[in-house]
Amino acid sequence: MMISGKTRVLGTLALLLCSTAALADDDASASSRAAATVAKMTTDEQTILTHGIMPMALGDFGSGGPKFPDDAVPGAGYIYGIPRLNVPSLRETDASLGVAYIGGLRKDGATALPSGMAMASTWNPALIEAGGAMIGSEAKAKGFNVMLAGGTNLMRDPRNGRTFEYMGEDPLLAGTLAGAAIRGIQSNHIISTTKHFALNDYETARDFANIIVSDKNARESDLLAFEIAIEQGKPGSVMCAYNKINDHYACDNDYTLNKVLKGDWGWKGFVMSDWGAVHSPTTALNGLDQQSAWILDGKDYLGKILAENAAKDPAYAARVKDMNQRVLYAIYANKLDSDPAMKGGAIDFEAHGAVAQKVAEQGIVLLRNEGNILPLAASAKRITVIGGYADSGVLSGGGSSQVEGPGGPAVAIPLGGDGAFALFFSQAYQRSSPLKAMKALAPDTKFSFTRGDYITDAVIAAKKADVVVIFATQWSTEGVDLPDLSLPHGQDALIDAVASANPHTIVVLENGSPVLMPWLNKTAAVLESWFPGARGGQAIANILYGKVNPSGHLPGSFPASLDQLPRPALPGAETIEPDFQGKAHPGEALTIDYNIEGADIGYRWYARNHTKPLFPFGFGLSYTSFALSGLKVDAHNMTASFTVANTGSVAGDDVAQVYLTSAAGTAHERLVGFQRVSLAPGTKQSVTVKIDPRLLAEWNGTGWTVRGGQYSFALGTSAADLQPAIS
Ligand code: BGC
């Protein structure tokens, strides 16, 4: 059930939005303390906080010096402190899903949250904030005081190998959830980043791709996601990206760093570079405040070279002060000095696992459920489980964000290669077996497990069972895009054959990003479990057996074919020479024109082209049914109110979504508000959500303008489940 509302916005309203400058007034004391410390710095001290090393024993690579400092913790980065001024060192760990495993170099484990797409599928900022608080506490317990988290890039192309680290395709959803995660992390008195600023939506070409995008298109899409995340999360740091934006590297980019981030948004923290993303000393003038792991750039541009430049050039000298001011501001605002992170803190893995499990349970999306085959009856006599190492664990995404629990992965499939980073390239499974969890919930069922390497034995096993649960996996990783949207290793053919042999086939996907499903109509059910984290196996089993009612909703559209994408061919696929360890070489200069879709990413692109994706943004089924009604939009207070009712027979959560459907008389689809609601059967709840006026506005070159005229809104359960506006 959907209902549409209409409202008029009178006159042309130029919106002067509250920027982070106003919010940061609370932090005046951090600013003045930072200024006082800067004033006390000697010239030599002024280039300590501006560059860092990589405290990882990767052969002779990465140290930037003969010996790591005593307080360094093996992790992504380290910035020396200034003991004379009580300035702590910065000890940095990846990433958004938990404390990174770094190939086991630290010989410890951490709790893995489900992937970013799973988190985003919860549409639950409070839960994502709790997840952030949990992983931030683990970082702090290990001695880290900076978390390289807050992944906020939008899913502009589902083939982006890092989609799994991010929060989907919509600026409001991604910005709100990334902001919540950052807030949670920083509640531990450590700094979080938001990354990768900006427009870093492809991986294979990330080191050299030149993103072409207009100011308007960027402000209304990717930059808006960051703007919201920064307002809501107030990260101490922003990590600039590898790629170029309109001919300038993202870490050497006056437009994104000086004009937008520090100017228009009034953000007072520090910009750190991505690892190996600095190519010139001019980065300092163009807004970079700290060079991470300088050895990867070959030169300490923001170390000795910066000191030399500052000695002879007043522009650099002024920037050096500002760079220190910004780093110190973030340190003081987040209390890194007064509540220091220490190695050896206790971690309650049981309690933290429960947080990860809750995120997985709210983030798993039920995509299909023919004849209500799910939830499974505990009485099913024979169940065949196929594939996905379901007897051992659940898959996780690769690269710097890889988290593993104590004891390391249940299964790790090294991808070979050599060099310092080879240990990062392994397909790793968290120790949480879905099969074991299913057995625990259905002790009287006879389970059999087949690895799924061969179609022949999988089909024989499928024919013998009442129900088949087939686990399909697609690994993805930082540094490499997916060439297409198929499942690898012949799994599409495997699922097709198994589902043809047994119509009661349930597919559980473990993957980072949307895939095609050529076998969809043959299956009874499909569960998108993403990379479900430390307790993914239990979460999947709980949903299969109805101990938990599925409530995840897609944070990104699943295309029906590659042709539906703005760029059907992966940019650079024909010319780039990939090195599978993420250091591809351009065959020739590569530009990627984001103005094709502009700000119409994902569901807005489908709406613009009147095409129908396989599954739309916002979609997700439940074991109960809901009715949405009574949408009223109050244009004066910028709120939308409506009622959600549980009309089925079991308790469940719905994610109600409010969309703009036309602006000033022109069709224009955009999510403007959402709310997750928990309801017992037969109950209902009234909901009011705030509407951010920027979501109704256009970027006019200097600010946001809401054009006068009629605006239509709709309430629905997905971007494709909206009733046209009623006049
Ligand atoms: C990634 C960042 C990460 C950094 C440090 C880079 O390759 O892009 O996300 O924080 O490495 O590990």
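1. Arg33 sits over the face of Tyr332, 3.8 Å from the ring centre. Lys244 does likewise over Tyr249, at 5.0 Å. The criterion is NZ of Lys or CZ of Arg within 6 Å of the ring centre and within 35 degrees of the ring normal.

2. This is a predicted model: local features need pLDDT of at least 70, side-chain atom pairs count only at pLDDT 80 or more, and totals for chains, interfaces and linings use all residues. Residues are numbered from 1 along each chain as its sequence is written, and side-chain values use heavy atoms, with hydrogens and water left out.

3. Polar contacts are pairs of N or O atoms within 3.5 Å. A polar side-chain atom of Asp94 is 2.5 Å from a ligand oxygen. For the side chain of His196 the distance is 2.7 Å, and for that of Tyr242 it is 2.9 Å. The protein covers 92% of the 310 Å² of accessible area that the ligand has on its own (Shrake-Rupley, 1.4 Å probe).

4. There are 13 aromatic pairs (ring centres within 6.5 Å; planes over 60 degrees apart count as edge-to-face). Trp530 and Phe558 have centres 6.0 Å apart and planes at 65°, so they pair edge-to-face. Both are buried (under 20% relative accessible area, 1.4 Å probe, protein chains only).

5. Trp123, Tyr603, Phe617, Tyr659 and Phe674 form one aromatic cluster.

Notes. Polar contact = N/O pair within 3.5 Å; in protein donor to acceptor, adjacent residues only side chain to side chain. Phe/Tyr/Trp six-rings, centres within 6.5 Å; stacked < 30°, edge-to-face > 60°. Buried < 20%, exposed > 50% of the residue type's maximum accessible area, 1.4 Å probe, protein only.
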